[in-house]
Amino acid sequence: MLKHQDETRAAYDGVVELYASMFANRLETQPFARNMIGTFAELVRGTGNLRAADVGCGPGHLTAMLHDLGLDAFGLDLSPAMVDHARRAHPALRFDEARMGALPVEDGALGGVLAHYSMIHTPPEELPALLAEQVRVLAPGGLLLASFFGTEGAEPVRFDHKVAPAYSWPTDQFAELLAGAGLVTVARLLHDPASERGFLDTHLLARRSGRGRIAGRGGC
């Protein structure tokens, strides 16, 4: 697990400025994703717990968006160079380096977790443990918004992402993994192909049922 994470971290460290220039304002032209994030923020506010983590936050633009939508948002990313960029771009917000499989957050602390295309580099056999970690940090009733590349096939598809190897997922199979982690999917949004590969932009909004597995870890 650590080997592919280290390779992904090094790959993103090497493209920080280019990545930020390409994606920091991208949601201005992506109304479906933008509104799904807005719905996520509204539902998190409705839980009364405004703390939210943007996991795999990259240059921090979505952390800032969550903050503007009324959440007490902070960003976490595997890449120290991305974290440094985010801190410079958004000095009023908090950003820390962290692996998605070992979040520096206490059990049941958050009203929401945003994972915007940040699980795509995780090999399929490792995704259940990653999802269990997101559930661990969510309070009962807390929400996870997971966005990823969707495929209409029966199995995940490995492909050569421009930064690091990635996987697209059949929507139903990903939803089953969410259920196995203790999450109830409350909304799905699939829309136009995200790239020339023909993958669908896919967003699953899920709520922690209160039965998620809690491993026990202190944090900030």
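A residue is called buried when its relative accessible area is under 20%, exposed when it is over 50%, and partly exposed in between (1.4 Å probe, protein chains only). With 0% relative accessibility, Thr63 therefore counts as buried.

**About the model**

This is a predicted model, so to speak of local features a pLDDT of at least 70 is needed, side-chain atom pairs count only at pLDDT 80 or more, and totals for chains, interfaces and linings use all residues. Residue numbers start from 1 along each chain as its sequence is written, and side-chain values use heavy atoms, leaving out hydrogens and water.

Let's look at β1, residues 51–55. Four of its five residues are buried, so the rest of the structure largely encloses this strand. (Strands are DSSP runs of E with at least two residues, helices are runs of H or I with at least four, and both are numbered from the N terminus.)

Strands pair if DSSP finds at least two bridges between them. β1 pairs with β2 (residues 72–77) in the parallel sense, over five bridges, and Val55 has Leu76 of β2 as its bridge partner. β1 also runs parallel to β4 (residues 110–116), joined by three bridges; here Ala52 is partnered with Gly112.

**Thr63 in helix α4**

Back to Thr63, which sits in helix α4. Its side chain makes a polar contact with the side chain of Asp54 at 2.7 Å (a pair of N or O atoms within 3.5 Å; within protein, one must be able to donate a hydrogen and the other to accept it, and residues adjacent in sequence count only if both atoms are side-chain atoms).
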